[in-house]
Amino acid sequence: MATEARRKGGAASFFCCLLFSFLFYSVTPWLPASVAPWPNSSLAAGSGRWNGRQAAIALTYDDALASQLDIAIPQLDAAGLKGTFFLTGRQVAYRVADWRSAAQKGHELGNHTVNHPCARASYDMPQQYASESYSVEVMLAEIRTMNGLLEALDGKSAHSLATPCEQTLAGGQDYLAPLQKAALASYIRDDLALPPSVKYTPFSDTTGDDMIKWVEGVRQAGTAGIIMLHGVGGDYLTVSREAHQQLVTYLKAHDQEIWTATFSDVMKVAAR
Ligand SMILES: [Zn+2]
């Protein structure tokens, strides 16, 4: 199951990057531990592993999209839930004050690099931004730069990271191990870095009912679920405003059984 979810993640990432490259390089090219599943899903609140709950959900949003600021965050705020937003540096410039405000409200800002480099082998993008043109050293330097930008927004010295396109190659070399060794990310959202017990899936064009069904599976397994989202009611790889609201409402209504928290907070427990 996890493998299938991971495969779906790879497919979504592929389309994400197709769209990303279209939007950012064609339209606006020069912008600046393994723990056994909890056996009993009917545990009372307060007795579970996940901050006293049976399961945990982290809502993560990629690419610093306007619809996340304009639709997703207001819905989360109204429910008192916190999300994680993996920002690309080149996109932050449009809404600096709004991202700072999101951090002040308790949402997590994460690192999604500056230029979102991905493999040109899988889709067309300008050569200079393709990960084939990078080296491991340049990739780590870009991630370090993005950490600085994030610290300027939220005042935090450590951040989690989501790999662009679920790919970890730079100039043909895998940068995951050097990234971990350099300690540039608190936790890494990538198929290859997440604990096997953690469930991970992308959602796009998914109904509220189907997202809730997935969350319910995570709850019954007594584990953590990481959800990857992009556009909410707009942009690309979109889930509708209504579907997102339905998911948020469900999570709020079940907050005695399901701990909805930021990616880093969930990973702190998952990595134990
Ligand atoms: Zn992305």
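Of the 272 residues in the protein, 47% are buried, a residue counting as buried if 20 or more other C-beta atoms lie within 10 Å of its own, exposed if 12 or fewer, and partly exposed in between, with C-beta atoms placed from the backbone. The structure is a predicted model, in which local features need pLDDT of at least 70 and side-chain atom pairs count only at pLDDT 80 or more, while totals for chains, interfaces and linings use all residues. Residues are numbered from 1 along each chain as its sequence is written. The secondary structure comes to 9 helices and 10 strands; these are DSSP runs numbered from the N terminus, with helices (H or I) of at least four residues and strands (E) of at least two.

Confidence is described by pLDDT, the predictor's confidence in each residue, from 0 to 100. The protein has a mean pLDDT of 87, and 83% of its residues reach 70 or more. In residues 1-5 the pLDDT is below 50, and this stretch has 5 contacts in the model beyond near neighbours in sequence, two residues being in contact if their C-beta atoms, placed from the backbone, lie within 7 Å. Residues 7-11 also have pLDDT below 50, with 9 contacts beyond near neighbours in sequence. Where pLDDT is low, the predicted coordinates should not be read in detail.

Ala243, His244, Gln245, Leu247, Val248, Tyr250 and Leu251 of helix 8 are buried. The packing partners of these buried residues are strand 1 (55-62), helix 2 (66-79), helix 7 (208-221) and strand 10 (258-260).

Two packed helices are described by the angle between their axes and the distance between the axes. The axes of helix 7 and helix 8 come within 8 Å and cross at roughly 35 degrees; axes are lines fitted to C-alpha atoms, for helices over the stretch in contact, and angles run from 0 to 180 degrees between N-to-C directions. Helix 7 contributes Gly208, Met211, Ile212 and Val215 to the contact, and helix 8 contributes Glu242, Ala243, Gln246, Leu247 and Tyr250.

Among the strands, strand 2 (residues 84-87) runs parallel to strand 3 and is joined to it by 4 bridges, where pairing requires that DSSP finds at least two bridges. Thr84 stands opposite Glu108 in strand 3. Strand 3 (residues 108-111) is covered on both faces, with Glu108 and Gly110 buried on one side and Leu109 and Asn111 buried on the other.

Ala64, in the loop between strand 1 and helix 2, has a positive phi near 55 degrees although the residue is not glycine. Ala64 counts as buried because 23 C-beta neighbours lie inside 10 Å. Asp205, in the loop between strand 8 (199-202) and helix 7, also has a positive phi, of about 55 degrees, without being a glycine. Asp205 has 11 other C-beta atoms within 10 Å and is therefore exposed. Glu132 is found in the loop between strand 3 and helix 5 (136-154), and is partly exposed, with 15 other C-beta atoms within 10 Å. Leaving aside neighbours within four places in sequence, Glu132 is in contact with Ala119, Arg120, Gly171 and Gly172.
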